[in-house]
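Please open the structure in the viewer and show the side chains.

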Amino acid sequence: MQDSRGRFTKVNIIACKLIPLNLTYFGVKNELMNQAATQLSMRRNVALQPGMLQAALLDRLTRALGKNLETATPRDIYDALSLAVREELTLRWLATQRRIGRARVKRVCYLSVEYLPGNSLLNALNSLDGDLVQEARAALAELHYDLDEIAALEADPGLGNGGLGRSAACFMDSLATLQYPAVGYGIRYDYGIFTQLIDGDGAQREVASSWLRLRNVWETPRGNARYTVRFGGRSVACGDADPSAPHRLIDTRDIYAIGFDQLIPGNRCSTVNHLRLWSGRGITPFDIDAFNYGDYAAAVKEQVDAKNMSRVLYPDDTTPQGKELRLKQQYFFVSASLQDMLATLAAEGRPLESLADAMAIQLNDTHPAVAIPELLRLLVDEHGMAWDAAWKLSSAVFSYTNHTLLPEALETWPVEMYERLLPRHLEIIYLVNRDFLKLVEARFPGDVERQRRLSIITEDGDRRVRMAHLAIIGSHRVNGVARLHSELMRTEVFAGLAEIYPERFINVTNGIAVRRWLKQSNPGLSALLTERLGNTWENDLEDIGRLIESAENPEFRGRMRAIKRANKRRLADEIMRRLGIAVDVDSLFDVHVKRIHEYKRQTLNLLYVVARYQRIRENPAAEIVARTVIFAGKAAPGYVMAKAIIKLINNVAHTVNSDPLMQGKLRVAFLPDYDVSLAQKIIPAADLSQQISTAGMEASGTGNMKLALNGALTLGTLDGANIEIRDHVGAENIFIFGLTAEQVAARRAAGYVPRTELAGNPELERALKLIDSGFFSAGRSDEGRQVVERLLADGEPYLVLADFAAYAAAQSRVDELYLQADAWSRKAAVNCLNMVYFSSDRSVREYADWIWGVRPVI
C-alpha cells in the first residue's frame with residue numbers, strides 16, 4: 001500500500017487482497033490455477049487453513065517463482081509448497097515474538113556449533129495444526145506429483161555431524177513445542193561437514209556438501225542483524241592500566257557476521273522460535289584499486305577470508321591453519337550472538353544489569369566457551385561495567401553442558417594462539433584464573449599441586465587454555481547428559497572442580513524429539529499409537545505409557561510386526577537403490593549407525609561379522625539366522641584410523657556379498673553419507689540396535705533412544721544412556737554384555753595386553769588372521785593390518801578384544817530370540833512403550849526448571 005505521498009507503508013502483505021491473474025495471458029490454460037487465484041482473491045487472509053494448501057501453492061508458483069504448471073519443474077513445486085508453508089510459519093513467528101516482547105520474560109539463548117534439523121518441509125507440515133500432510137499429499141497427487149518425491153528434493157542442512165547437532169535440534173524442537181521463548185545460535189556453514197563418498201576400493205572420500213547450491217526457501221536473511229567481529233590487534237588500556245579496567249582493541253582485522261534465520265515450529269501449537277545462523281562477510285568485500293591494478297586475487301581477499309569463517313564445519317585441524325580457523329570460527333559466532341543478545345535487550349528497553357533475568361545462555365559443549373570472556377569484554381570494555389559486577393552477571397547467565405569425557409575432545413588452545421588472535425580475551429582469562437586460584441588457595445592453603453591441576457592455564461611445557469575448566473568456572477550450572485556420564489564428571493574427569501563447586505554439577509539425561517523420530521520417521525507405528533491414544537502422545541510421550549499392557553496383546557504385536565516389515569522393505573529398496581545389494585526383509589536387520597570412532601567400536605562388530613562369515617564357510621549346511629548388518633557414519637577427515645575402519649568395513653562387505661555361500665545368510669551394507677534423512681529410513685527398520693562403546697566413554701548417545709522407541713532391541717554395554725534404558729525397559733528386554741566402566745578402568749590400570757585374549761578364543765584369533773592376511777582387500781595385507789595392529793597393541797584404550805567373547809555370547813542370545821518371532825515382538829513392544837522418559841520434552845523441562853529458570857509463553 002502507498003500513502004498520500006506515494007511511499008510504501010508497512011503492512012502485512014499476506015493480509016492484502018489478492019488480485020486474480022488472467023493466467024491465459026501467459027499462455028496457460030489451466031483451470032486449477034485459475035480456480036486457485038479466484039479462491040485466494042475472495043479471502044482477505046491467506047494464512048493456511050484446511051482446504052487452501054493447493055491454492056496457496058499455485059499462487060506462490062506464479063507470483064513468487066514466475067512459473068505455471070506447464071513450465072514448472074519438480075523443484076519449482078517443492079519451492080512453491082515450501083514458500084506457502086513458510087509464510088504461515090512467519091506469521092506465527094511474528095506473533096510469537098510479539099507475545100514474548102510483551103511478556104518481558106526470560107529467553108533461552110542456545111549456543112552450539114552444530115545443529116542437525118533434518119528435512120524442513122515435512123517437519124513443518126507435520127507441526128502445523130490440522131492434517132496438512134494428507135492435504136499436501138492429496139493436493140500434489142491432483143497435480144500429478146508425489147509428496148515423498150517432492151520432499152526428497154530437499155537437501156539436509158549441512159549444519160552438524162553427529163549426536164551433538166542432533167540433540168541441539170531436538171532441544172530446539174522441544175523448546176518450541178513446550179512454548180518456551182528461545183533462540184538458537186550457530187554458524188551458517190556454506191558446505192557443512194562434507195558429503196561422504198565411497199571410492200571403488202572402499203575408502204571414504206570427502207567432497208564439499210552442496211546443501212546451499214539451490215535457493216534455501218527456509219531461511220530469511222536478516223540484514224539488520226549485522227555485527228562486527230574483531231581479530232588480532234592490540235589491547236590498550238583506556239585509563240587505568242589494571243587489566244580489569246576498560247580496554248580497547250586497536251589494529252584489528254575486522255569482518256561482519258550476517259544473520260540468517262531458520263524458523264523452528266512447535267508441534268500443534270502457536271509458537272515458532274528461530275535459529276539464527278551467522279555467515280562471514282568482508283567489511284570491504286571488493287577492493288577496486290587492487291582490481292584495476294590487475295591483482296584480482298587481492299581485490300577479493302578480504303571477502304574470501306571473511307567467508308572462510310563460515311565455509312565448513314570442523315575444518316581439518318591437523319594443520320596449524322586448520323587449528324587457527326577453528327578457534328576463529330568459535331569466536332566469530334559467539335561474538336555475533338552475544339552482540340545480538342545485548343541488542344535485543346536494549347531494543348526491549350531493559351537495562352544491562354537485568355541480563356541474567358532476561359536471558360539464559362546455554363553453552364552446548366566446550367566450543368562456545370569463549371563466550372565467557374567475550375561477554376566480560378563487552379560488559380567491561382564496551383559498556384563500562386565494573387569487573388566484579390560484570391563477573392557476577394556473567395556467571396549468573398551462563399550454564400554449560402558437557403558432552404564428552406574424551407580428553408582429546410575437551411578443547412585446549414595454545415596461549416600463543418590466543419595472544420595473536422584474541423589478545424584481550426587472554427587478559428580476561430588470566431583475570432578469571434587469578435580470582436579462581438585465589439579461591440582455591442583460600443580453600444586449600446599451600447596446595448600448589450591442586451592449583452596446577454585446576455588452573456585454566458596449563459603450565460606444563462606448551463601453555464594452553466583449558467576451555468572446559470573455563471566453562472565450569474564461568475557458569476552457574478554444569479550438567480552431564482546421562483547418569484553415568486554425570487557421575488564420572490564429578491568423580492573423575494572434573495573431580496577437583498566439583499570439590500570446589502559441588503552445587504554446580506547436576507545431571508540432565510538427554511532425550512529425543514518424538515515428533516521427528518516417531519511421528520515423521522515411522523508413520524505406520526505413529527498411526528497405530530494415534531489409533532489407540534489420539535494424537536496427544538505427540539506432545540506428551542508419557543501418554544504412550546498407557547499402552548504398556550498392549551505388549552501382551554497378540555493383535556497389537558502382530559500389527560507392530562507388520563509395520564516393522566514394511567519399514568524393512570522400504571530400507572531394502574533404499575539399499576538396492578544406493579548400493580545395488582539385494583537384502584532379505586525377513587533377515588535380522590542388525591544396525592550400527594553413528595559417527596565412526598574407535599571408542600564406538602565398529603571394529604568389535606566387524607570382527608564378529610568376520611567370525612560369523614567364517615562359521616558359514618566352514619559349515620554352509622548349518623542352520624543360521626539370516627542377518628543383514630548395516631553400518632553408516634562418517635569419519636573426520638584427519639582421523640586416519642577411523643577412515644581405515646570404514647575401508648575395512650567396505651572391503652569385508654564386498655567379499656561377503658560376493659560369496660555365493662552367504663546367499664540368504666549374511667549381507668553387509670555400508671550406507672554412505674549418513675544424515676538425518678537417511679537415519680529416518682534406517683531407524684524404523686532396525687531389529688537390533690548396536691550400542692557397544694567402551695564402558696565409561698560414551699556420554700549418553702541418542703541413537704540408542706531413537707532405535708528403541710522404534711521397536712529395536714538394544715545390544716549394548718553398560719555405558720551412557722544404555723544403563724537408564726535398561727532400567728526403564730527391564731534387564732530381560734535388552735542384551736547387555738561386557739566390562740563395566742569400573743572394570744575397564746581396572747584393566748587399564750593393570751596394563752591391558754590384548755594378545756592374552758586370543759589364548760582362549762580361537763575364533764577371534766582366526767578372524768584377526770584372516771583380516772591381516774589381506775583376504776578382504778584383494779591381497780593388500782597392509783590395509784587390514786593397520787586395524788589389526790591397533791587392536792593388538794599393548795594398552796589399546798578401547799578394549800575391543802577384551803569384550804569380544806562376551807559380545808559373541810550376547811549375539812548368540814540375539815539369534816535364539818529372533819527365531820521366536822512373537823517373543824521378539826513382545827520385547828520390541830516393551831522397548832517402544834517404555835521409552836517415555838527419553839523424550840527431549842522431559843529434558844528441556846528439567847533444563848528450564850533446574851538451570852535456566854524460564855517459563856512458557858502461551
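Begin by selecting D59, R60, R63 and E87, which a network of salt bridges links together. The model is a predicted one, and 71 salt bridges are present in the structure.

Next, select helix α4, which spans residues 120-127. Seven of its eight residues are buried, and the helix is mostly covered. Among the buried residues are L121, N123 and L125.

Proceed to Q204, in strand β4 (residues 204-207). Is Q204 buried or exposed? Its relative accessible area is 7%, under the 20% limit, and Q204 is therefore buried. The side chain of Q204 makes a polar contact of 2.8 Å with that of Q196, and a polar contact of 2.7 Å with that of E206.

The following stop is on the surface, where D287, D289, D295 and E302 gather in a patch of negative charge. Of these residues, E302 belongs to helix α9 (residues 296-308). E302 is partly exposed, because its relative accessibility is 32%, which falls between the limits of 20% and 50%.

Now select R420 and E416, whose side chains meet in a salt bridge with an N to O distance of 2.4 Å. Both residues lie in helix α14 (residues 415-421), four residues apart, or about one turn of the helix. An α-helix has 3.6 residues a turn, so residues three or four places apart point the same way. R420 is partly exposed at 37% relative accessible area, and E416 is partly exposed at 41%.

Which residue forms a salt bridge with R565? The partner is D586, with the closest N and O atoms 2.9 Å apart. This pair links distant parts of the chain, 21 residues apart: R565 is in helix α22 (residues 554-579), and D586 is in the loop between α22 and β17 (588-593). R565 is partly exposed, with 40% relative accessibility, and D586 is likewise partly exposed, with 45%.

Finally, select R627 and D815, which form a salt bridge whose closest N and O atoms are 3.0 Å apart. The two residues are 188 residues apart and link distant parts of the chain, R627 lying in strand β18 (residues 627-632) and D815 in helix α31 (residues 804-818). Both R627 and D815 are buried.

Conventions. Residues numbered from 1 in each chain as written. Predicted model: local features only at pLDDT ≥ 70, side-chain atom pairs only at ≥ 80, totals over all residues. Heavy atoms only, no water. Patch = residues over 30% accessible without salt bridge, like charges linked within 9 Å, V, L, I, M, F, W, Y side chains within 5 Å. Areas by Shrake-Rupley, 256 points an atom, 1.4 Å probe, with all protein chains shown as cover. Salt bridge = Lys/Arg side-chain N within 4 Å of Asp/Glu carboxyl O. Lys, Arg positive; Asp, Glu negative; His and termini not counted. Charge placed at Lys NZ, Arg CZ, Asp CG, Glu CD. Buried < 20%, exposed > 50% of the residue type's maximum accessible area, 1.4 Å probe, protein only. Polar contact = N/O pair within 3.5 Å; in protein donor to acceptor, adjacent residues only side chain to side chain.
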